[in-house]
Amino acid sequence: MNQNMGTADRAIRIIIAIIIAALYLTDVISGTLAIVLGIIALVFLLTSIVGFCPAYAPLKISTKGKGPGK
């Protein structure tokens, strides 16, 4: 499993997950919407930590820049 997410992509996903958590903790979102967004936030956090997005793989998308010598 090669990483296919760049630093900016990972940072944006983490920021979105933090925003969702803040909305939940301040009772701005609740119920079904909170559950759905919570699941999305967890997926964003996990993919950011691992650096691999399964949705990018079949589409051969990579936001990770080419490093030196690659």
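**View 1. Helix H1 against helix H2.** Here H1 (residues 7-25) packs on H2 (residues 31-50) at an angle of about 150°, and the two axes lie 8 Å apart. Angles over 145 degrees count as roughly antiparallel, so that is what we call H1 relative to H2. Keep in mind while browsing that this is a predicted model.

**View 2. How H1 crosses H2, and who does the touching.** The crossing of H1 past H2 is left-handed. On the H1 side, the contact is made by Arg10, Arg13, Ile14, Ile16, Ala17, Ile20 and Tyr24. H2 answers with Ala34, Leu37, Gly38, Ala41, Phe44, Leu45, Thr47, Ser48, Ile49 and Val50. Sort the residues of this H1–H2 contact by class and you get 12 nonpolar, 3 polar and 2 charged.

**View 3. Stepping back to the whole fold.** Take contacts between residues at least 6 apart in sequence: 77% of them join residues at least 24 apart.

**View 4. The overall outline.** Along the principal axes, the C-alpha atoms fill a box of roughly 50 × 20 × 15 Å. The radius of gyration of the protein is 14 Å, whereas a compact globule of 70 residues would come in near 11 Å. As for burial, 23% of the 70 residues count as buried.

Technical notes:
Residues numbered from 1 in each chain as written. Predicted model: local features only at pLDDT ≥ 70, side-chain atom pairs only at ≥ 80, totals over all residues. Heavy atoms only, no water. Axes fitted to C-alpha atoms, helices over the stretch in contact; angles between N-to-C directions. Helix = DSSP H or I, 4+ residues; strand = E, 2+ residues; numbered from the N terminus. Parallel < 35°, antiparallel > 145°, perpendicular 65-115°, else oblique. Left-handed = near helix turned anticlockwise from the far one by under 90°. Contact = heavy atoms within 4.5 Å. Nonpolar A, V, L, I, M, F, W, Y, C, P; charged D, E, K, R; others polar. Rg over C-alpha atoms; globule rule 2.2 N^0.38 Å. Buried < 20%, exposed > 50% of the residue type's maximum accessible area, 1.4 Å probe, protein only.
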